[in-house]
Amino acid sequence: MNVNDKLIRDIAGQLGLGGSPAISPKEIQRLEGKSDAELEREIINLREQLKAKGIPPQKQVAMLRSIMPMMDAKQKARLNKIIGLIER
């Protein structure tokens with residue numbers, strides 16, 4: 001899946017963040033080189049930040065599920081792991 005500015009804006013909009021990216025393309029590049037354990041910590045931190053902004057985990061999960069059709073099987077498996085972290 002190609003993550004581009006439009007997709008980031010769409011996701012931010014779905015989360016009620018006013019169409020401005022919750023995470024910038026520069027931030028995405030920073031995360032690309034991280035291990036799964038490091039990404040897990042980042043996801044947990046992001047989950048808490050979104051929750052503090054009044055975006056419940058259910059809405060976070062709904063947004064993630066909405067992008068699943070654009071993913072291949074391997075990406076879907078990783079996304080399901082992320083959803084599990086959010087639902088904890």
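Helices are DSSP runs of H or I with at least four residues, strands are runs of E with at least two, and both are numbered from the N terminus.

The buried residues of α5 (under 20% relative accessible area, with a 1.4 Å probe and protein chains only) are L79, I83, L85 and I86. Viewed down the helix axis, these buried residues fall within an arc of 155°, taken from the directions from the axis to the C-beta atoms, and therefore line one face of α5. They pack against α3 (36-52) and α4 (57-67), whereas A73 and K74, on the other side of α5, are exposed (over 50%).

The protein as a whole contains 5 helices and 0 strands, and buried residues make up 24% of its 88 residues. Of the contacts (heavy atoms within 4.5 Å) with a separation of 6 or more, 51% are between residues 24 or more positions apart.

Residues are numbered from 1 along each chain as its sequence is written, and side-chain values use heavy atoms, with hydrogens and water left out. Because the model is predicted, local features need pLDDT of at least 70 and side-chain atom pairs count only at pLDDT 80 or more, whereas totals for chains, interfaces and linings use all residues.
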